[in-house]
Amino acid sequence: MRFRHWLERHALALLGVATTAVLAVLFYFPVAIVFADAGGSDAFIDVLTDQFYVNEIFRFTAWQAFLSTLASVALGLPGAYILSRYEFPGRRTIRSLTIIPFVMPSILVAIGFVAMFGQHGLLNDVLGLVGFGPYSLLYNLPAIVVAHAFYNAPLVARITNAAWESVDAREVETARSLGAGRFRAFRDVLAPQLLPAILTGALLTFIFTFMSFPIVLALGGFQFQTVEVWIYALVRDLDYSEAAVLAVLETTLSLVLTYAYLRYEARQTSATRSSRPLARKWLFSGVRTSGESLERVGVLAYFVLVAIVFVGPLVSTVLESLTGPNGFTLQYYEFLVTRQVSGASFQTKPGVAVRNSLFFGIGTLLIALPMGVVIAVLSRAKGGRLVEAIAMAPLAVSGVMVGLGMLRGLVFGVPVAGTRIQVGGAVAIVAAHAVAAYPFVTRNVAPMLSGIDPRMVESARALGATRFRSLVDIELPLVAVGLAAGAAFAFAISIGEFDSTVILATGSSSYTMPVAVERYLGNRTLGPATAMGTVLLVVTAVSFVVIDRLGGRWEGG
């Protein structure tokens, strides 16, 4: 009984130590191995003075990230404006879809673009009906940029929409009453309040697209060589030292950009809902002037663009999986079944991919959920900002970096006391997925814990409850929705994770659905790739529905 009481009193501290140990083994140790593999300063000097890396790899990576950021902002801002200023059926649903970047597997975006804009894609099929095409719209820089915009424009729209809805209508009305026109009121009142959100979305987009891997690999291949793609190529060629140097340089730059983002965000006042937000207009009524009519036409044109860029690739994936040379067919799904039943052991089997994805998703939950909760609790204690900074570091580190570190460390083995300790590829994949997923659990749970009245916890403590008991009996039940949403996020991220998985699954049977899609696509078998992509889309959609129903949070939304 005495031991049980001692254990309960020190449970949070012990959980904190255990979480720290797990984070050290699963994240900081693999990253440290990559830094060690990079060698001394001479290796970095060799890379930084190599014109191929400077002028080809890093310059192109930064250039495509810059263009992708511009495209994402240009596509996301009109969406934020429409969501903030107009009321129409389905507005709330469309707003919830801006969570897509955090649950949509990036390889699914790539396969969708191939199915929509490829040589035999849906767009060329439609154009062929009226005597045009076919046009080659893929495997070039514009295709990569537009695909990145698909992925990141919703993020820009989500952040900017939250800022727009926090503007107090009385400020705009005051400016108009003092004689300012609509443009002047927007420039002097609205724009200064929206600019921080726009810059935040742009900086996050640049970071994400700078580290983009599956989209560039699928739509550009090794012809368009970003840092991530080249690291993957070096790993495939077993050139781990040079891959490590590139990974360290990329991670360093990413950490600098992330630090700049966090510093900038900290200087901004947190957006709170205004006492009287700007009134929204009905989209399909209330048109009085030619200017308003023109604006409505612009909104409808934007909806058409959204349908082509956002809805088209997903619909095309499903249609392509059901369409053959002679029309409707199930031959691609039959191919998957046949491959599963009679395929050789070295071939990619869809059933194995689905089983692995679900198994890894459950394993990720078992690790990421308790880790995320413990970090959310510790981040509220003294020194919480330091805890949060250390724990959120995986968000700024590429999955390729983590996968490379785990491959070189846990999978190849670590010598300890004369014995080499190794783990299987499946265990390493679950570990990599957990590292990517637990920050989302923390970001879902921590804000809800902060919203609990501290007097409730103090009352429980006054009645003799330990800190751990008050957490289990009072706080966690009150944040059950956040826990469920965090769990759904973690599962969805595991299902769609590609960067670390494709490295750790090489040469093994531990491949997942996204890896299977990439392998089928790499073999230029679009039909089976879209069929496998449709299966992945269904699983992702179910996860998204769960997150949406439970009110998943990210970026305060």
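Biologist: How many nonpolar, polar and charged residues are in the lining of the second largest pocket?

Modeller: To read a lining, sort its residues by class. In this predicted model, the second largest pocket has 23 nonpolar residues in its lining, along with 4 polar and no charged ones.

Biologist: Okay, and which residues lie nearest the centre of that pocket?

Modeller: Look for Ile 94, Leu 97, Ile 100, Val 306 and Phe 310, out of 27 lining residues. The space in this second largest pocket comes to about 620 Å³.

Biologist: Which helix gives the most to the lining?

Modeller: Helix 14, with 7 residues. At least two residues each come from helix 4 (51-85), helix 8 (141-164), helix 14 (290-321) and helix 25 (526-550).

Biologist: Let's turn to helix packing. At what angle do helix 6 and helix 7 pack?

Modeller: Start with the angle between the axes, then look at the residues that touch. Helix 6 (residues 106-117) and helix 7 (residues 122-129) pack at about 10°, and their axes are 4 Å apart. Angles under 35 degrees count as roughly parallel, so helix 6 is roughly parallel to helix 7.

Biologist: Which residues meet there?

Modeller: From helix 6 you've got Ala 115, Met 116 and Phe 117, meeting Leu 122, Leu 123 and Asn 124 of helix 7. By class, that contact has 5 nonpolar residues, 1 polar and no charged.

Biologist: Last one: how many aromatic pairs are there?

Modeller: The count is 18. Take Trp 63 and Phe 66: their ring centres are 5.9 Å apart with 25° between the planes, and the pair is stacked. Both residues sit in helix 4, 3 residues apart, about one turn of the helix.

Conventions
Residues numbered from 1 in each chain as written. Predicted model: local features only at pLDDT ≥ 70, side-chain atom pairs only at ≥ 80, totals over all residues. Heavy atoms only, no water. 1 Å grid on protein atoms, 1.4 Å probe; cavity = no way out; pocket = protein on both sides within 12 Å on 5 of 7 lines; lining within 4 Å. Points joined across faces, edges and corners; volume = space filled by probe spheres on them. Nonpolar A, V, L, I, M, F, W, Y, C, P; charged D, E, K, R; others polar. Axes fitted to C-alpha atoms, helices over the stretch in contact; angles between N-to-C directions. Parallel < 35°, antiparallel > 145°, perpendicular 65-115°, else oblique. Contact = heavy atoms within 4.5 Å. Phe/Tyr/Trp six-rings, centres within 6.5 Å; stacked < 30°, edge-to-face > 60°.
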